[in-house]
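Hi,

Here is the structure I promised to pass on. Have a look at it first, and my notes follow below.

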Amino acid sequence: MTGHPPALALVDGNSFYCSCERVFDAKLERRPVIVLSNNDGCAVARTSEAKALGIKMGQPMFQIRDLCRDNKVAVFSSNYALYGDMSRRMNQIYDSFSPDVEIYSIDESFIDVSKLPVKDRTAWASDLRSTTRQWTGIPTCIGIGPTKTLAKLANKAAKKLPAGVLDLTDPTEQARVMANFPIGDVWGIGRASQAKLLSLGIRYAGQVREMDPKLARQLMTVVGEKIVHELNGIACIALETVAPQRKGCAVTRSFGQRVTMKAEMEQAVAGYATRLGEKLRRHHLATDHVTVFMHTSKFNDDEPQRSVSLTIDIPEATNDSLTLIKAAKRAVDRLWQSGFRYSKAGIITQDLVPPPIPQRALFDNLDHERAAKVMAAMDEANRRWGRATVVPAATMGGPAKGQTFSTKFEMRSPRFTTRWSELPETN
């Protein structure tokens, strides 16, 4: 026992994707910035200046193209290599401030601050915030509360404060903030639940806090009951400092251009199977089946529609990319039907297991020991010199050479921190 009440801090990067872009271009500091989704489709990150122009989350780029041009909005394609590496650097800082950190998402982490005296928590949070800004350039906000839901709520409220920090461990302060805190901003309350609550005249978090937990469960399932308890300071969602083992894994992409040739689809799916193998090996997992899907765009009503999937069983659990590619290509061969313009495809697997111990082949055609060495060498080369430095031949060449279907990143900034050839230069 520490003698101090339990408390969690939620740290998140403000407009994280946009802030990552600003780190490497000082001219963007007060300029409106947005980052687009895959294929440069819609806005998935916006600075406060962009929000002030009326740009909404998820708004398609074609609807705001003129607005962005007229207001000199800086528009970027998603740069996941950069964002992921910046997130890693931020969490290294968090680890130096506390041994108990849960990475919740690419821009959010929970930190257990229960061992800190209550009077020191705000100063601690301010120090963490300033250190993160100084070492990475990313601005953050920090909310502190006795539960994850209250820490989330405090973080949201902290964004409106100059200090960027809010401690809601005190019940009186909790009641004050929740009295006017919209239910739509409470963690776990989605649109459907929000509509049900509004029909009962419940508009603010403080009113949800006063609900009968049984009524909340009737309206919003067990999630609603947990929200009520969490808003009352009763923890129902534990801190996970050790990431749980993955139960499934998926690699899916929307195509930059419609796929109409079988060879293109085979090449695309082979690439996804390669990436799936990389993910499984990184997490020391394997699978004995893969599901491949492909479909046309539901937004093109004037074109023939098709959506299909197929699961292929693999004789033995594996994370070998070449084996996964063979299974995926068998699925494409059985699913493919010409005359359609496919917009998306992917490969999915569930029920992951530890990989088998590599051994030499006795009765089958695959030498597992040799295959494991090949995959390890490929992973090391790609780690050292960049992803896709070494790839299976099935992901390239042939009629599909050039990958016209690849995801569009026409406005992507350089991968400043992960590619030697794209390091920032000074004059």
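Which residues line the largest cavity? They are Val11, Ser87, Met90, Asn91, Tyr94, Ile106, Asp107, Glu108 and Ser109. Before going on, a word on the ground rules: this is a predicted model, where local features need pLDDT of at least 70, side-chain atom pairs count only at pLDDT 80 or more, and totals for chains, interfaces and linings use all residues. Residues are numbered from 1 along each chain as its sequence is written, and side-chain values use heavy atoms, with hydrogens and water left out.

Back to the cavity. On a 1 Å grid over the protein atoms alone, a cavity is a set of points where a 1.4 Å probe fits but cannot get out, while a pocket is an open set with protein on both sides within 12 Å along at least five of seven lines; lining residues have an atom within 4 Å of a point. Volume is the space filled by probe spheres set on the points, with grid points joined across faces, edges and corners. The structure holds one cavity of 30 Å³ or more, and the largest cavity has about 40 Å³ of space. Helix α4 gives the largest share of its lining, four residues (helices are DSSP runs of H or I, at least four residues, and strands are runs of E, at least two, numbered from the N terminus).

Helix α4 (residues 80–97) also packs against α5: their axes come within 10 Å and cross at roughly 145° (axes are lines fitted to C-alpha atoms, for helices over the stretch in contact, and angles run from 0 to 180 degrees between N-to-C directions). Among the α4 residues that meet α5 are Met90 and Tyr94, with contact meaning heavy atoms within 4.5 Å. On the α5 side, the list includes Trp124, Leu128 and Trp135.

Then there's the second largest pocket, with a volume of about 1,100 Å³. Its lining has 39 residues, and Gly13, Asn14, Ser15, Lys51 and Lys159 lie nearest its centre. Helix α1 (16–23) is one of the elements that supply at least two lining residues, and the largest share, five residues, comes from α1.

Last, salt bridges (a side-chain nitrogen of Lys or Arg within 4 Å of a carboxyl oxygen of Asp or Glu): the count comes to 16. One of them joins the side chains of Arg69 and Asp66, at 2.9 Å from N to O. Those two are three residues apart in helix α3 (residues 61–70), so about one helical turn separates Arg69 from Asp66.

Cheers
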